[in-house]
Each structure stands twice: as C-alpha cells, then as structure tokens.
Amino acid sequence: MCVLFCMYLLLFCIVCMPVKHAFFWKDGVSLHEIKRMKSGAFFLLLLCLNLVCFGVIATGPPTCPADHITECSGSDSGEWEGEFFPGIPKIKYEGPSSKNPLAFKWYNANEEILGKKMKDWLRFSVAFWHTFRGTGADPFGAPTKLWPWEDGTNSLAMAKRRMRANFEFINKLGVDRWCFHDRDIAPDGKTLEEANANLDEVVELAKELQGSKIRPLWGTAQLFLHPRYMHGAATSSEVGVYAYAASQVKKAMEVTHYLGGENFVFWGGREGYQTLLNTDMERELNHLARFLEAAVAYKKKIGFNGILLIEPKPQEPTKHQYDWDAATTAGFLRKYNLSGEFKLNIECNHATLSGHSCHHELETARINGLLGNIDANTGDPQIGWDTDQFLTDIGEATMVMLSVVRNGGLAPGGFNFDAKLRRESTDVEDLFIAHITGMDTLARGLRNVAKLIEDGSLAELVRKRYESFDTEIGAQIEAGKADFEFLETKAMEWGEPKVPSAKQELAEMVFQSAL
Ligand code: XLS
Ligand code: NI
Ligand code: NI
C-alpha cells in the first residue's frame with residue numbers, strides 16, 4: 001500500500017508540474033479566481049483532493065456494474081472483484097408497516113422470541129444450486145436468467161466469480177449459512193482426479209470468502225446429473241458406479257468438513273426404480289444401507305462431527321424413490337440399525353408429493369427423534385412436481401414452526417431455502433425479494449407460534465381431548481400394564497362410552513386467530 005502511495009505521489013507531482021505552471025505563472029481569463037489564491041494554499045488544496053482520490057482508488061470502487069463486459073478488476077484472471085449487486089443495500093428489519101421490498105417486515109434477527117433469538121430458531125441458509133445455478137430452463141424452454149456476472153461457461157474462473165457473488169448475496173441478506181452440491185460449486189472433470197482438483201480450488205476461495213462467520217449448513221454430493229448415475233448411485237446395478245459415488249461422497253464430505261459444515265445430506269434422487277420387473281429391490285436396499293454405513297465410518301475417521309441427513313422424496317426423477325417419506329425412511333434406518341447415525345432433512349414440497357402435509361412429515365420425523373433440518377419450500381397445488389417455490393403461506397409456516405418449537409429448534413440443522421425464482425422472474429433484485437419473503441414468512445410463523453403458546457387454548461384443547469387417559473386406568477394402559485381380560489372387565493363395568501366432540505373447528509378458529 002505504501003509503495004503504491006509513493007508511486008502515486010510521484011506520478012501526481014509529475015502531472016502537477018505543468019498544471020501548477022499553467023495556474024500560477026500564466027495569465028488566463030478563466031483562471032482569474034485561482035490567481036488570487038496564494039500558491040502554497042492552492043497546492044495544499046490539490047494535495048488534499050489528491051489524497052481523497054487515492055483513498056477512493058485504494059479502497060476499491062464502491063460499486064461496479066453487474067455486467068461481465070465491464071468487469072471492475074481482475075479481468076485477466078477471469079475473476080471479478082467488484083460488486084455483483086450494486087444498488088442493493090444490506091437488508092434491514094423495518095417492521096410490518098414497511099413498504100420497502102428490500103427490507104424485512106417480520107424477521108428481526110436479534111429479537112428474542114420464546115427465549116431464543118429469531119436467527120437461532122431459524123438458522124437460514126441459501127441454496128447455491130437454485131440461487132446461483134438456476135437458469136429458469138424447464139423441459140419446454142430455454143434459460144431465462146443469464147445473470148449479469150455469468151459468461152455462459154462452466155469454467156473454473158466462472159465458478160469462482162459465482163462464489164464471490166454468492167458471498168456478497170449472503171452478506172447482504174444477513175444470513176450465516178449456505179448449502180451446496182459438489183458439482184454446482186465447481187466444474188466436473190474428465191476424470192475423478194480432475195473433478196476433485198477443481199473442487200479444491202473453488203473450496204479454497206469459498207473458505208476465504210466465508211470469513212469467520214459464515215459456514216455451510218450442509219454440503220452434499222450431486223449423484224443424479226451425470227449419465228453414469230442413470231440406474232442410481234448407491235443402488236446402481238453397476239459396481240463401478242457404486243464405487244464412483246462412494247468416492248464422490250468421500251470428497252464432498254471432506255470439503256464440507258474443511259469448510260466447517262454442520263451437516264451432510266443424502267438425497268437419493270435416482271435411488272429407486274422405474275419398474276420392479278428388472279429390479280432386485282432387496283439387493284438395492286442392502287447396497288444403500290452398506291453405502292450409508294461406509295459414510296458413517298468415514299465421517300468418524302476424518303473427525304467430521306456434522307449430522308448425516310437423509311432427505312425423503314417419493315419420486316421425481318425416479319418413478320419410486322426408496323426414501324419415499326419420513327415414515328418409510330425411519331423404517332429403513334431402523335431395519336439397518338442406522339437410526340442413531342442419521343436424521344432427516346424434511347422438504348415441504350417433497351412432503352406434499354408423497355401425499356402428506358409438511359406438518360405431517362415434520363411431526364413424523366420429530367416423534368421418531370429424527371427431525372434434523374428443513375428444506376423450506378412449497379409446491380403448487382395445481383402442479384404435480386417439485387416446483388421448489390419459496391414458502392409464502394403464513395398458515396403453513398405457522399404449522400412448520402409449531403413442529404420446530406416443539407422440537408426445541410433444529411440446531412445444528414436449520415432452514416435451507418431449497419427454492420427458486422419462477423422462470424418469469426428475471427431481475428437480479430428478485431433473488432433478494434424471494435429470500436426476504438421466505439424469511440419473513442417463517443419469521444411470522446414463529447411469532448404466531450409464540451402467540452399460540454401464550455394464549456394456551458390450543459394446548460388446552462388437546463390436553464382436554466386426551467384427559468380420559470390421565471387416569472389410573474389410562475396410566476396403566478400407557479405403561480403397557482393393561483391386558484385384554486382386564487380391559488374387557490372395564491368395558492363391561494363402564495358400559496357404552498360417551499364420546500366427546502373433537503372440536504376441530506374450534507382448534508381451527510384458535511389457530512386462525514394467531515395468524
Ligand atoms: C431435489 C432435492 C435436492 C436436495 C439436495 O428435489 O430437494 O435439491 O435438497 O440434493
Ligand atoms: Ni431439497
Ligand atoms: Ni426437492
């Protein structure tokens with residue numbers, strides 16, 4: 001910096017000599033004001049101006065147009081050191097009456113709700129693949145979003161530039177976490193070695209950009225895009241594919257650990273079948289279990305203390321995925337004695353695809369001690385696939401938060417926005433607006449749960465509904481001490497039982513009043 005300043009000063013003096021000469025030793029009509037100044041004072045003024053200019057240059061341009069043709073600097077390396085989201089400030093909380101689309105209305109990170117800061121209940125994370133690799137392409141149409149920093153390639157330089165954009169986005173949004181697949185942050189290679197080397201290079205930059213505060217909520221291996229995975233990864237009929245997938249998970253786990261990640265996800269997009277006619281389901285499930293066992297062993301070997309998460313989904317891309325829903329996955333984990341080593345990452349859109357509500361899946365995971373993380377998104381009731389929309393339904397968010405609060409939070413898990421902009425939303429600011437609204441919706445859900453708890457009438461309604469079991473006989477039943485003969489005696493003694501109302505509409509009324 002000092003050397004730079006001296007060089008700059010020298011250049012300044014050279015440039016100033018003729019200027020000074022022109023101002024002080026030559027007459028000129030337009031300079032009559034300046035001529036009245038004492039030459040020393042004027043020189044001092046110029047020097048001050050010069051120092052200000054140097055300061056601006058030294059601290060870098062405050063903004064750089066988000067346009068890869070006019071890269072601010074670092075253009076030789078193909079990297080970008082400027083601002084990716086010029087004009088977008090750090091997003092602040094302005095309260096419910098704010099009309100500012102770039103402000104939080106409900107999410108106030110440090111505000112305490114139910115004994116914890118909002119940011120600790122919510123532990124938000126940005127999904128790299130949707131936010132930075134989502135192009136808007138669909139099976140019928142070409143990409144609609146060529147973000148200004150994208151050059152249309154999948155080069156290493158592009159991967160690094162995108163990583164810089166990611167961290168500027170995360171910092172401006174004010175979250176502390178991000179999620180990634182190995183292959184969305186770095187280009188694949190012709191060989192596994194080359195792919196690993198590419199990953200290492202991008203991960204090194206990510207590590208630097210993370211600073212001391214930002215960490216991956218989770219990392220994962222992308223075991224579904226490449227054609228080698230067409231029959232599955234851990235459940236492929238080809239042993240070479242099984243080995244390749246294992247190596248990819250090994251590496252992805254290492255980099256997640258290196259970046260300080262808190263969890264590691266297994267989403268088995270292609271672990272399933274298209275028809276049972278050509279499938280040995282029992283053998284495939286055994287392979288999957290062996291694969292997961294090996295992952296547990298490797299996690300322990302490298303000292304990675306993150307939680308391993310399985311993300312259930314019923315289908316898409318396969319016709320039938322093995323981890324169909326939370327209950328199926330819990331059964332699978334129990335059968336193979338893996339329950340103690342895994343938790344679930346419940347995705348709301350996957351829940352509805354499996355014919356459940358998100359609340360159902362969360363409660364199923366919770367009561368099995370398996371609720372680890374949430375992929376916060378939502379589907380569309382009129383579309384039958386994983387549309388990955390940002391959750392904006394306040395009622396739904398309140399139900400989600402009911403489970404989270406009952407679970408005592410999600411840490412070390414959190415909320416990953418596995419959600420993307422609609423194909424038709426093409427402005428850079430839409431990325432911010434989508435996340436702000438997703439965060440505000442869940443924050444509002446949390447506030448509503450606090451209201452419901454404070455009011456107490458919903459809990460009271462549920463308590464009353466089961467109060468017949470809060471009796472001596474009820475306790476005997478719950479303790480497994482009531483056999484059929486004993487129960488028959490009681491049934492005869494009591495006669496026809498009186499069956500009270502379930503009060504569903506009252507429950508709905510109370511719930512509604514908190515929204
Ligand atoms: C796809 C899944 C996927 C996982 C991560 O439907 O949601 O994005 O979350 O592999
Ligand atoms: Ni997901
Ligand atoms: Ni999904």
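Are Glu-347 and Asp-386 buried or exposed? Both Glu-347 and Asp-386 are buried, where buried means under 20% relative accessible area, exposed over 50% and partly exposed in between (1.4 Å probe, protein chains only). This is a predicted model, in which local features need pLDDT of at least 70 and side-chain atom pairs count only at pLDDT 80 or more, while totals for chains, interfaces and linings use all residues. Residues are numbered from 1 along each chain as its sequence is written, chains are lettered from A and ligands numbered from 1 in the order in which they are written, and side-chain values use heavy atoms, with hydrogens and water left out.

**Nickel sites**

- The nickel ion (ligand 2) has Glu-311 (OE), Glu-347 (OE), Asp-375 (OD) and Asp-418 (OD) as protein donors, at 2.0 to 2.1 Å. Donors are N, O and S atoms within 2.8 Å of the metal (3.2 Å for Na, K and Ca); water is not among the atoms, so sites may look incomplete.
- The site of ligand 2 is octahedral, with angles of 80 to 175° among its six donor atoms. Six donors count as octahedral if opposite donors are over 155 degrees apart and all others between 65 and 115.
- Glu-311 lies in the loop between strand S10 (307-310) and strand S11 (320-321), and Glu-347 in strand S12 (residues 342-347), so this pair ties together parts that are 36 residues apart in sequence. Helices (H or I, at least four residues) and strands (E, at least two) are DSSP runs, numbered from the N terminus.

**Nonpolar cores**

- The largest nonpolar core has 114 residues, of which Leu-122, Trp-178, Phe-415 and Leu-442 touch the most other members. A nonpolar core is a set of buried Ala, Val, Leu, Ile, Met, Phe, Trp, Tyr and Cys residues joined through side-chain atoms within 4.5 Å.
- Helix H15 (residues 428-455) gives the most to this core, namely twelve residues.
- The core lies between domain 2 (107-455) and domain 3 (457-513), because both give residues to it. The domain bounds come from an automatic or database domain assignment.
- A second, separate core has nine residues, including Ala-127, Cys-179, Leu-217 and Trp-218.

- Most residues other than glycine have a negative phi, and most peptide bonds are trans.
- The peptide bond between Glu-316 and Pro-317 is cis, with omega about 10°, and Pro-317 sits in the loop between S10 and S11.
- Another cis peptide bond runs from Ala-411 to Pro-412, with omega near 5°.
- Leu-114 is not a glycine, yet has a positive phi of about 45°. Leu-114 counts as partly exposed because its relative accessibility is 35%.
- Arg-123, also not a glycine, has a positive phi of about 40°. Arg-123 counts as buried because its relative accessibility is 8%.
- Arg-123 is in the loop between helix H4 (118-122) and strand S5 (124-127).

Note on methods
Four donors count as tetrahedral if all angles lie between 85 and 135 degrees; four count as square planar and six as octahedral if opposite donors are over 155 degrees apart and all others between 65 and 115; anything else is irregular.
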